[in-house]
Amino acid sequence: MYEDNLHEKLMKQGLPVDGIEGGPNIRNGKLSRRKLLSSLGMAGVAIAGGGLLGPLEVHAAEGAPPPGDPANKAGKAGVVKSVDQLRVTPGEYDGQHVNLLGYYAGSPGSGGGVLFWDAAGTEADNGGTVFAVAGTPVGRWKRSYSARVHLAWFGCDGRGLQDDSARVQAAVNTLVSGGVIEYGSGKIKIARTIKVEAVPIVFEGAGSTDNDGFSTQFIVATGTDHGFLLSGVRGGGFTGLQLRGEGLTGGSLVATERRGGTGNYMLSFYNVRFKNGYNGMTLRACNTVRFQNCVWSGFNGEQVILLNGLDDESRADPVEFVQCGISAGSNPNTDNVVIDGMGGSIKFFATAILFGRHGLWLRNTTGQKGTPKFLYFEGGGFENGEGVPVLLEAGAQAQFANTYISCDGQEDNVRITSGFTGSATFVGSVIRGCGRNGIDIDSSRVTITGCLIGNNGRTAHTAFARTITGVAGSGSGGIRVTTQAAHGWATGDRITVQGVAGTTEANGKWKVTVVSPTQFDLQGAAFANGYISGGSAWRNGAGIHIRPGASRVVVAGNAVGSLADGVSRQDYGIVNEAADVLVSGNDLSGNTAGPYLILGSSTSQTRFSGNKGVEQIDGWLSAQLSGAVANGLYDLKSFLYLDGQQIRIVKVTRKLASGTCDVRLDADGSSAGGNPVAASSTLQTTNITPPFSIDGMSKPRKLQLRVLNASSAADLDVQFAYQVMS
């Protein structure tokens, strides 16, 4: 009857009953309860809501006396209140079952369950799935499980007040072929590193949360050591929980390492909250690591996430971050993501990197040849208050698409140094609001297209000025300036100096050569007068600064200027000091000083063309009349017919040796569209507002100069500036 009732309970709970009748291990056509429990595992029993376990005084394995038989003395001891009691209660026959009410007396339901007696067992007591009995060398109480264990089985009480390190490690060691370690709502404190070697283990909680009192929380209190160390594991990860540091002064919440010649492979982190650590993650010797819906915040160490940083053998490649939030918090010296040394195929999708110092830093301090490469960032963005949101100091091949990049501090939004030797591409991104340059380039093969770059040079204002306390000769005829506090600038920065009394020749705009943290020389300035008092200086910033060492830089189809919101202080859209650049088709209007500034030497590879906000002149229509000038039509110097083009006349420049007259451009003997303008012995240039167009697409048009109202006019020079429309 018991098996009949059990069969009915299974069906009512919606559990599978296939194979219960007519299969092996069947007694009288029904599956014995021990075999059923072994078949279902504890997960199946839990699904059944515990209804399968009652009344559960005792039910022996096959061959054991049935309940009520006088030979079954264990019936009186079928319920055990705690593990302490279990460890002094030997089993009476192989397969005997007991119902453990709870791990600790007075806490029924937590860590309890059904255990059976293995009369031949000699395994070590692991405090969770195997229990030895005092004074009984042979025979063990055991839990039935397959690949999933619960930390409550090992004595974790969920209060976070005791050190659960040994309990968690025991659970790890139990899953010799891998599996899942789970815990519900509660706190688990670890004071020693939990090490997982080789096997794939997933730590599974009841759901991630930002609240310290909810869901599943691992409190990492390991001092200077890592919290979890994954060593050559082949799969596994963390899901649905919080990892929270407590009093940490070193290490990472989670770290990976090579185990002999074996790295880590296929690690997954889903819905995990990393919080209040020293460092967050150290990823070394990793292949195929994925983070999704994970959040990091509140760190005070070197960085939140470090990839490699050791040697070429410790590369992390590939690694993906999907819909994550990474924040160093308010600590101004903690970087967010650092890729140091060899590593590649690092991808970020819809991920935010916020606050702290640098946002994403590619570098190589390992002393080996390998460098970061194949970085891809799409969606999401950066907002960092102290350092550079995107700092590319080493490596190759970085691409940013549809990304928001902003620095609230005094640095650049993007800085690409000469050590970055590959290609960098920025497409469809917003790059705004930094202290210096939106993008600072000292590398090669950089392409910027379809981006909105504006409101940079934010600290170019008296509110951010450095107070000058001294101006003197540099020792080589130049001017050396001393500031009251550290200026924080770099050689080549462009600054403004004002308010200096005495050495007034120091006032103005200069590039600087840094001498010390509080001194710099003004490039090109000559010292003449002694310093009396006063003065302040601030650093200027541009939308894009292309340094002398850069080459093969393409800037096309961007809007580089003031934005609709915020304060615009970037002086130029583009400052170019390199020769090999192409700047074309950009909107460069809305900058405080001008669309662009060319400081370097131009060559045939220096091309600025077709940019809005810049006076664009595609050609000139010229005429020179020697001697007396009379009214009439005159042929142009090198342009007779407009044929197959449409042009727009935007400016006229003219000058007479003496006298006066009016000049006009005619097409086919009549006005081409503009009005006459006066010419005299003074050189004059007039912008034509609005410009007028001449259409030579449908048929050729003869263009000529017409002179009107001539009076004692002699030696006339005239040129009309035009733009090609089609």
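Helices (H or I, at least four residues) and strands (E, at least two) are DSSP runs, numbered from the N terminus. Helix α4 covers residues 165-174, and serine 165 is found in this helix. The model is predicted: local features need pLDDT of at least 70, side-chain atom pairs count only at pLDDT 80 or more, and totals for chains, interfaces and linings use all residues. Residues are numbered from 1 along each chain as its sequence is written, and side-chain values use heavy atoms, with hydrogens and water left out.

Serine 165 has a relative accessibility of 3% and therefore counts as buried. Buried means under 20% relative accessible area, exposed over 50%, and partly exposed in between (1.4 Å probe, protein chains only). The side chain of serine 165 makes a polar contact of 2.5 Å with that of aspartate 163. A polar contact is a pair of N or O atoms within 3.5 Å; within protein, one must be able to donate a hydrogen and the other to accept it, and residues adjacent in sequence count only if both atoms are side-chain atoms. Neighbours within four places in sequence aside, serine 165 is in contact (heavy atoms within 4.5 Å) with Lys189, Ile190, Ala191, Arg192 and Ile194.

Side chains of opposite charge can pair when their charged atoms come close. A salt bridge is a side-chain nitrogen of Lys or Arg within 4 Å of a carboxyl oxygen of Asp or Glu. The whole structure holds 35 salt bridges.

One of them joins lysine 142 to aspartate 118, with the closest N and O atoms 2.7 Å apart. This pair links distant parts of the chain: lysine 142 is in strand β7 (residues 136-143) and aspartate 118 in strand β5 (residues 113-118), 24 residues apart. Both lysine 142 and aspartate 118 are buried.

Aspartate 212 and lysine 275 also form a salt bridge (2.8 Å, N to O). Aspartate 212 lies in the loop between β13 (201-204) and β14 (216-220) and lysine 275 in strand β18 (residues 264-275), so the pair ties together parts 63 residues apart in sequence. Aspartate 212 is partly exposed at 30% relative accessible area, whereas lysine 275 is buried at 11%.

In a further salt bridge, glutamate 577 meets lysine 511 (2.4 Å, N to O). Glutamate 577 lies in the loop between β49 (572-576) and β50 (581-584), and lysine 511 in strand β43 (residues 508-516), so parts 66 residues apart in sequence are tied together. Here glutamate 577 is buried, with 11% relative accessible area, and lysine 511 is partly exposed, with 23%.

Salt bridges also link Glu411, Asp412, Arg415, Arg436, Asp440, Asp493, Arg539 and Arg547 in a network.
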